[in-house]
Amino acid sequence: MDWELGIPFVAPMAAVYLSLNIMLGLAPWILRERESFMRLVRALTAELLVAGACFILLPAELAFETPQVEGVWKPVFLLADTVNLTHNMFPSLHVAFAVTGAALLGERRGPLGRFLYWLWAAGIALSTVLTRQHYVLDGVAGAALAGWILWKKK
């Protein structure tokens, strides 16, 4: 949408974008029972399959030019931009995986832990837009995909 072209680019958010790997990497230490860990694996796999079909059927390109980043954030942004690939936009797997991680890892923590996981997932979702890796609709679709998969798997 035209208004999205006015959203600012924020290079440091690339670090938040990449932190999804840390969130999911914590899973074996938090989801120590085999079934709870496998629930996460099944949800992420289902999201990947659905999103993969969308990527093939609806390949998309960003209207944004790739930002030129200099300084300390350049390697971080370049890594995030490389990880993102080119046409894999709708739905955002970063958002879907972050929502799934927050939901399943957070349920193993108290109220503060759950809040912090959801805050982390929100930061990752925001980073997808502020680093110009996704449009807002991609993120909304990613969150909806995660919600649907998690609801179906209950």
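Helices here are DSSP runs of H or I with at least four residues, numbered from the N terminus. Just after one of them, α7, Arg-132 takes a positive phi of about 60°.

Colleagues, the model is predicted, so local features need pLDDT of at least 70 and side-chain atom pairs count only at pLDDT 80 or more, while totals for chains, interfaces and linings use all residues. Residues are numbered from 1 along each chain as its sequence is written, and side-chain values use heavy atoms, with hydrogens and water left out.

I turn to helix α7 itself. Its 20 residues, 111–130, reach 28 Å from the first C-alpha to the last. That is close to the expected 28 Å, taken as 1.5 Å times one less than the number of residues.

In general, an α-helix has 3.6 residues a turn, so residues three or four places apart point the same way. Tyr-117 is buried because its relative accessibility is 8%, whereas Trp-120 is partly exposed at 24%; buried means under 20% relative accessible area, exposed over 50%, and partly exposed in between, with a 1.4 Å probe and protein chains only.

Leu-116, also in α7, is partly exposed because its relative accessibility is 44%.

What do the buried residues of α7 pack against? They pack against α1 (13–18), α2 (20–25), α3 (27–30), α6 (93–106) and α8 (136–152), where contact means heavy atoms within 4.5 Å. Among these buried residues are Gly-113, Ala-121 and Ile-124.

Notes: Helix = DSSP H or I, 4+ residues; strand = E, 2+ residues; numbered from the N terminus.
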